[in-house]
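Subject: Structure handover

Hello,

Here is the structure for you to take over. My notes on it follow below.

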Amino acid sequence: MRQLQLPAFEFTEKQKEFRKEVRSFLQAEKQKGTFDTHADSWLSGYSKEFSKKIGAKGWIGITFPKEYGGQARSTIDRYIITEELLAFGAPVASHWFADRQSGPLILKFGTEEQKKFFIPKIVKGECYFSIGLSEPNSGSDLASLKTTAEKVDGGWIVNGMKTWTSGAHHSHYMITLCRTSQQDPKNRHGGMSQLIIDLKSDGVTIRPIQFLTGEHHFNEVFLENVFVPDNRVVGEVGNGWAQGLTELAFERSGPERILSTFPLLEEAIRLLKEKEDHRGLMEASKLVSRMWALRNMSIGIAALLEEKKDVNLAAALVKDLGNSFEQSVAELIRLLLPAMPSKHAEDVYARMLAESILHGPGFTIRGGTTEILRGIVGKGVISA
Amino acid sequence: MNEMKSFIEDTVGKILRDLSTKEQRERFEEGEWASSLWKTIQESGLTLLGIAEEKGGGGGDYEDVFAILRVVGKHAAPVPLAEVIYANQFLAAHEGEVEDKLRVVHFAEESSSVHSPYKLINVPYGRYIDEVIVIRQEDHQASYSIVNALVCEIEKNDNLAAEPRDSLTFSNLGETKKLDLSFKEALEDYKKFLALSRVAMMTGAMESVLALSIFYSKERQQFGRPLHKFQAIQHHLTAMAGEVAAAYATLAVASASYLSDLEKEQIAMAKIELSANANVVAKAAHQLHAGIGMTYEHELHHFTRRLWAWREEGGNETYWADQLASLYQAREETIWESITHVKGEEAHAGSTV
């Protein structure tokens, strides 16, 4: 089955040098106390100062064209930055979605005015985006969404509600998928459009949804007669569903689907070495082997994406397997190094163990549940 | 993938599709050596792959060897190709020239192989081979002797897949030659080759298990629908597809590292992965096939039994995890540094400094 055959990719010397540069920077920042390592930092670690520092290095939107402030570097360079940030558990949540999804979407489908307006700010780490997809009655069945945009003179009036919106309380904008024409039962994916909503607009109300730890990452976003000017529609009216799908392979196969709990694994292995616990290291080495295998898949996909190949099936598999792996880290490690996990522990190990366990349920839900992914792959292998 | 490699893979695929059939495998299990299959493999130069032409070999490199072994696993070919390739390379390295024979190496680790009469246990295809290269420990060095297998007393035994793993007993070692390696080094070299061979063969076997499962889930109807329409079945297919994709990526990276500084660690991780996930694939496939998959008649077991057998051969998860644990303990590097092959400057990623 050719679609499952991923190539071996070897980083060039230049790319290894670049990794070293990113790592040295992060090491220095960490020693200065700019940030502490946390598990699952890409969803929960907000720091405007840190995002600006990363932006100043040119490491946000590094693949974006130079004319809009990007570096026009390869997706492999972006991959390296992403990996290092996650391995350090650095606070990258503020700019995460703008770098990963919104920027590329605007560059691919946006108008020249939109590119000139948004991209330079994204690149500087000063402009954050949220993704407005899920609704209270449209979770996995996203196509059933109800938020509407009605055409008026000069723009659109949006009414509806989005939920599980990560970081809306920090973000400036939300790319909102809404219905711009009546749902056609014969074409469930038609009639939807992507609108950039300024979250400071009149009619926008953001309310926190507390995560099970009591922390605030998710929000409900209420949209009541929110006016969105014509120039804030992304791409074609009615083509929102198809546009949204194009970046999914990046989203699903990236290192954030494998490395969310890696800082815990690294710390555990450091402790096991300190204790000279050979048996414990043996067990931990099996987790490392799994991570290595999944990383090889993920890098293989990144290499194929660079060549513009279709990798949707393999990308969905990375997310499914990677998320299970992320959850399995805490489940094995807790047996190797017993402790009382606590979010408030001074001990870094006990704190990251708590973070990894408590954030665990989210891994296999966010960005498409495991069940939805398995349906996609199951159907994909049948028709391949 | 380079063109040469894919050409060789396709060629071998064609040969095995014609000659490593279900019927051929069944006759093999009844005790009939797959002579025409083996003859074709020899005539295609596959047994001498990786050996320079001036030494009587067929050229090619190790990536080709492992690419072909994947195809061997995909067709569950009842032949000891990996073992013979290694034995031939061993002779080419130590004797200069090789005559193409059905031979394997055997490391005399068992106590029964120290004194005459020598008894070697679990010799692959022992009943069919021409000769066995016995590697023994003498003082601190390794030595080898070439023993004519045809004069040995054979006790038949087999692994879970009915591949022969026989005992050979003989009283005369014949001429013994010293190697420039310790027994441990020589054994480790073989273990790495065998482990990566099994990684390649298990990748191929997983691929066939997935293909059989896809076929069956389209063919079989229940409740008025083909099986693949059921979510529970789609989840089984996904579990298998995930491991197949992971196996491909693992094999590609590990075989590219063979004979480099990274080989030991990468082969260890690769074998742990494939061994650990062999049963993820086998179990999902059997559940999907239900009753028919448990019968001798259906060929699913030709692949699942091999997965169960091969996960133990060339070191299982415990063997390689033990090696990795020692490696971690002995070095300063963090895991992240070793995975990325880039050393940080001062303290390490993820550390608590």
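A salt bridge here is a side-chain nitrogen of Lys or Arg within 4 Å of a carboxyl oxygen of Asp or Glu. By that rule R103(B) and E131(B) form one, with N and O 2.6 Å apart. Helices (H or I, at least four residues) and strands (E, at least two) are DSSP runs, numbered from the N terminus. R103(B) is buried at 3% relative accessibility, and E131(B) is buried at 9%. Buried means under 20% relative accessible area, exposed over 50%, and partly exposed in between (1.4 Å probe, protein chains only).

This is a predicted model, in which local features need pLDDT of at least 70 and side-chain atom pairs count only at pLDDT 80 or more, while totals for chains, interfaces and linings use all residues. Residues are numbered from 1 along each chain as its sequence is written, chains are lettered from A and ligands numbered from 1 in the order in which they are written, and side-chain values use heavy atoms, with hydrogens and water left out.

More on salt bridges

Over all chains there are 54 salt bridges. E163(B) and R165(B) form one at 3.3 Å, N to O; E163(B) is buried at 2% and R165(B) is buried at 7%. In helix α2 (residues 22-29) of chain B, E26(B) and K22(B) sit 4 residues apart, about one turn of the helix, and their side chains meet in a salt bridge of 3.4 Å, N to O. E26(B) is buried at 17%, whereas K22(B) is partly exposed at 23%.

The interface

The size of an interface is often given as the accessible area lost when the parts come together. Between chain B and chain A the buried area (accessible area, 1.4 Å probe, that two parts lose on being put together, summed over both) is about 5200 Å², with carbon and sulfur atoms giving 65%. In contact terms (heavy atoms within 4.5 Å), 62 residues of chain B meet 56 residues of chain A. There are 2 salt bridges between the two chains. R290(A) and E273(B) form a salt bridge, with their closest N and O atoms 2.7 Å apart. On the side of chain B that touches chain A, the largest share, 16 residues, comes from α7(B).

Aromatic pairs

Rings of Phe, Tyr and Trp (its six-membered ring) pair if their centres lie within 6.5 Å; planes under 30 degrees apart count as stacked, over 60 as edge-to-face and the rest as tilted. The structure holds 30 such pairs over all chains. F9(A) and F11(A) have ring centres 5.4 Å apart and planes at 90°, so this pair is edge-to-face. F9(A) is partly exposed at 28%, and F11(A) is buried at 12%. Y86(B) and F193(B) form a tilted pair, 5.1 Å centre to centre with 45° between the planes. Y86(B) is in helix α5 (residues 81-95) of chain B and F193(B) in helix α6 of chain B, so the pair ties together parts 107 residues apart in sequence. Y86(B) is buried at 7%, and F193(B) is buried at 1%.

Regards
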